[in-house]
Amino acid sequence: MAETGWPGAELIAAAQGGDVESITALVAGSHPHVRRFARSLCASPEDAEDAAQEALIILYRRIGTLRASGALASWMFRIVRNECLRRARPAPRHREPPPDTGAVSAVREALRRLEAGRVAAAIAALPADQRRVLIMRDVQGHSGRAVADALGLSLPAMKSRLHRARATVQRTLQGTDRGGGG
């Protein structure tokens, strides 16, 4: 099966200029790459399809904001990664925030977002097999047996991948990851 590359700079430029046929061709040409990336990153096939579709919608709506035509692939991968991570988060629990001053709240929110971004980047950098196990077990809260069954793994294999993933994320967040894996 022949692999086609990302759409070219001329097509991207025409799409950025508002040409409807070029935008349609750009979305169609990007779809296989976006879908493949979503499948490798998202925890479930359903999440991958949803994330890929959302990324293509964003591409369609916001192609004019892309700064450089050569950045299309990295822009789309970032969108897909964010969509997969958004879908992997557990539903928010509604609770009242503690009373706080505006300045302190803004600083806390900025620090929380910075840390969440670091964690998301560390998870996204994991090998696909470890990432899926980590997201399903630690983010989505599935039992070890459920994760192993869903991924077609033995329970010991799932536990091994989960341990390696947690250790890699921890090393990355502590700034000691040397890329060695396990």
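Q: Is Phe77 buried, exposed or partly exposed, and what is its relative accessible area?
A: Burial is read from relative accessible area: buried means under 20%, exposed over 50%, and partly exposed in between (1.4 Å probe, protein chains only). Phe77 has a relative accessible area of 29%, so Phe77 is partly exposed. This is a predicted model: local features need pLDDT of at least 70, side-chain atom pairs count only at pLDDT 80 or more, and totals for chains, interfaces and linings use all residues. Residues are numbered from 1 along each chain as its sequence is written, and side-chain values use heavy atoms, with hydrogens and water left out.

Q: How many aromatic pairs does the structure hold?
A: A pair of aromatic rings is described by the distance of the centres and the angle of the planes. Rings of Phe, Tyr and Trp (its six-membered ring) pair if their centres lie within 6.5 Å; planes under 30 degrees apart count as stacked, over 60 as edge-to-face and the rest as tilted. There are two aromatic pairs here. Trp6 and Phe77 have ring centres 5.6 Å apart and planes at 80°, so this pair is edge-to-face. The pair links distant parts of the chain, 71 residues apart: Trp6 sits in the segment before helix H1 (9-16), and Phe77 in helix H4. Helices here are DSSP runs (H or I, at least four residues), numbered from the N terminus.

Q: Which type of pair do Phe37 and Phe77 form?
A: Phe37 and Phe77 form a tilted pair, with 4.4 Å centre to centre and 40° between the planes. Phe37 lies in helix H2 and Phe77 in helix H4, so the pair ties together parts 40 residues apart in sequence. Trp6, Phe37 and Phe77 form one aromatic cluster. Trp6 is partly exposed at 25% relative accessibility. Phe37 is also partly exposed, with a relative accessible area of 24%.

Q: Which cysteines form a disulfide?
A: A disulfide is a covalent bond between the sulfur atoms of two cysteines. The cut-off is a pair of cysteine sulfur atoms within 2.5 Å. By this rule the count is one. Cys42 and Cys84 form the disulfide, with sulfur atoms 1.8 Å apart. The pair links distant parts of the chain, 42 residues apart: Cys42 is in the loop between H2 and H3, Cys84 in helix H4. The angle about the S-S bond is -80°, and the link is left-handed. Both Cys42 and Cys84 are buried.

Q: What span does helix H3 reach from its first C-alpha to its last?
A: The expected span of a helix is 1.5 Å times one less than its number of residues. Helix H3 (residues 45-62) has 18 residues and reaches 25 Å, close to the 26 Å expected.

Q: Which residues of H3 are buried?
A: In H3, the residues Asp47, Ala48, Ala51, Ala52, Ala55, Leu56, Ile58 and Leu59 are buried. They cover an arc of only 165° around the axis, which puts them on the same side of H3. The arc is that of the directions from the helix axis to the C-beta atoms. On the other side of H3, Glu46 and Arg61 are exposed. Contact means heavy atoms within 4.5 Å. What covers the buried residues of H3 includes helix H2 (20-41) and helix H4 (72-88).

Q: Where is Thr168, and is Thr168 buried or exposed?
A: Thr168 is in helix H8 (residues 155-174). Thr168 is buried, with a relative accessible area of 14%.

Note on methods: Helix = DSSP H or I, 4+ residues; strand = E, 2+ residues; numbered from the N terminus.
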